[in-house]
Amino acid sequence: MTIVVTGGAGFLGHHLVKLLLEKGKSVVVMDSLWTGSQENIAEFASNPNFRHILCDVREPLPDVEDLEQIYHLACPASPDDFERAPIEILETCFLGTRNVLELATVRRARVLLASTSEVYGDPEISVLPESYRGNVNSFGPRSCYDEGKRTLEALAFSYRLKNNVETRIARIFNAYGPYMAAKDGRAVPNFIGAAMDGQPVKIYGDGSATRCFQYATDCVEGLYALMNSDYDKPVNIGSDLEMTVSDIANKVTRVVAEKLGQKTPVAVQYLPKRVDDPTRRKPDITLAGEVLGWSPKVPLDVGIAQTVDWFLEKHGNPKSLM
Ligand code: NAD
């Protein structure tokens with residue numbers, strides 16, 4: 001059985017490919033290396049069950065023999081990318097997902113689509129069940145991603161209806177961990193990078209916005225469980241440990257200071273809030289527990305420590321991060 005992972009050279013892609021190879025699967029990564037890297041897949045290169053095809057999912061995908069499952073992860077996921085490349089992101093969400101579903105149609109493969117908590121927009125309720133339909137601005141700096149991912153879900157429904165493609169939809173909430181790109185603009189690597197370099201940590205807004213951070217290995221185990229379950233409607237995959245962005249920044253800066261033997265963590269600098277950035281974000285993960293028997297396992301302190309260790313090991317010279 002062959003499994004395609006689009007976006008397999010990215011952050012979550014790395015962890016997912018590792019998990020699949022450990023389970024003895026044959027894995028074909030399709031990735032253009034746009035926001036991912038060769039480094040993220042270097043350790044798999046000598047595995048005979050691994051292959052990387054350099055391609056852009058916006059173009060029709062190469063055929064793959066014995067294809068049974070496709071994890072479709074290819075898409076930039078950082079707010080910095082939303083500003084840099086909104087049209088390409090929309091194309092990736094629509095054309096890329098359509099190309100994946102076309103290949104799945106031909107090969108009768110099952111597809112898991114990486115959707116996101118962003119489909120809920122800036123929610124008006126505090127805990128988000130899958131039944132919540134969201135509060136999304138269709139005309140703003142995040143809309144390429146938020147609406148792009150809503151389109152991805154609509155494509156899944158439509159291909160199931162018209163072509164009988166088996167689809168699974170994971171609404172992923174903030175994940176963090178090793179193999180995140182240091183400069184990709186997301187909170188945890190931003191905080192680690194700044195703290196390692198002795199620079200103030202930048203927070204957009206007053207720091208009171210909340211997020212729930214899940215460790216990467218928990219997340220990909222959730223994706224694996226969902227792909228192999230019978231449940232075919234959207235499922236939240238995330239942690240329900242809610243904390244403010246200030247709390248997470250303080251935690252990260254303390255850990256970096258401890259590991260570098262510094263007495264005081266770096267300062268926090270508050271910048272204007274980003275437009276349409278959600279003020280609260282907490283998933284209801286009851287459904288994932290019920291239908292997948294899944295819940296996150298790695299405690300935040302352990303995950304943060306492992307992530308900081310990885311960044312310190314990878315970027316021996318902290319200045320190289322900035
Ligand atoms: P990432 O940027 O690290 O990985 C994305 C990968 O997709 C990269 O390797 C990139 O090169 C590849 N890619 C992007 N566009 C492509 C294209 N047009 N053709 C081929 N390859 C392309 O991001 P990630 O955090 O690993 O996210 C993976 C998926 O999970 C994304 O679809 C993202 O929307 C979703 N997601 C992630 C999070 C999170 O917290 N990490 C949260 C919600 C949803």
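P278 touches E118, G121, D122, P123, R142, A209 and R211, leaving aside residues up to four places away in sequence. Contact here means heavy atoms within 4.5 Å. The model is predicted: local features need pLDDT of at least 70, side-chain atom pairs count only at pLDDT 80 or more, and totals for chains, interfaces and linings use all residues. Residues are numbered from 1 along each chain as its sequence is written, and side-chain values use heavy atoms, with hydrogens and water left out.

P278 sits in the loop between β13 (268–271) and α8 (286–292). P278 is buried, at 1% relative accessible area. Buried means under 20% relative accessible area, exposed over 50%, and partly exposed in between (1.4 Å probe, protein chains only). V136 lies 142 residues from P278 in sequence, yet their C-alpha atoms are 9.8 Å apart.

**Overall build**

The protein has nine helices and 13 strands. These are DSSP runs numbered from the N terminus: helices are H or I with at least four residues, strands are E with at least two. The radius of gyration is 19 Å, close to the 20 Å of the globule rule for 322 residues, so the protein is as compact as a globular protein of that length. That radius is taken over C-alpha atoms, and the rule is 2.2 Å times the number of residues to the power 0.38. The C-alpha trace spans about 60 × 45 × 40 Å along its principal axes. Buried residues make up 54% of the 322.

UniProt, in an unreviewed entry, lists residues 5–306 as "domain: NAD(P)-binding". Its positions follow the numbering used here, feature names are shortened, and annotations may be inferred rather than shown by experiment. Over residues 5–306 the chain is 37% helix and 18% strand.

**The sheet**

Seven strands form an open, parallel sheet in the order β3-β2-β1-β4-β5-β6-β11. Strands pair if DSSP finds at least two bridges between them. β3 (50–54) and β11 (235–237) stand at the edges with a single partner each, so one side of each has no neighbour in the sheet. Neighbouring strands are turned by 20° against each other on average, direction ignored. Helix α3 (residues 86–107) packs on this sheet and touches β1, β2, β4, β5 and β6; its direction makes about 165° with that of β4. Axes are lines fitted to C-alpha atoms, for helices over the stretch in contact, and angles run from 0 to 180 degrees between N-to-C directions.

| Strand pair | Bridges | Residues standing opposite |
|---|---|---|
| β5 and β6 | six bridges | V111 and T167 |
| β8 and β13 | four bridges | Y204 and L271 |

Side chains alternate along β8 (residues 201–204).

**Cores and a buried helix**

The largest nonpolar core has 63 residues; V5, L12, Y71 and I248 have the most contacts inside it. Such a core is a set of buried Ala, Val, Leu, Ile, Met, Phe, Trp, Tyr and Cys residues joined through side-chain atoms within 4.5 Å. Y71 touches residues including V5, L16, L112 and M227. A second, separate core of 24 residues includes M30, I53, I70 and L101.

Helix α5 (residues 187–196) has eight of its ten residues buried, so it is largely enclosed by the rest of the structure. Its buried residues pack against β7, β8, α7 and α9. Just after α5, G198 takes a positive phi of about 75°.
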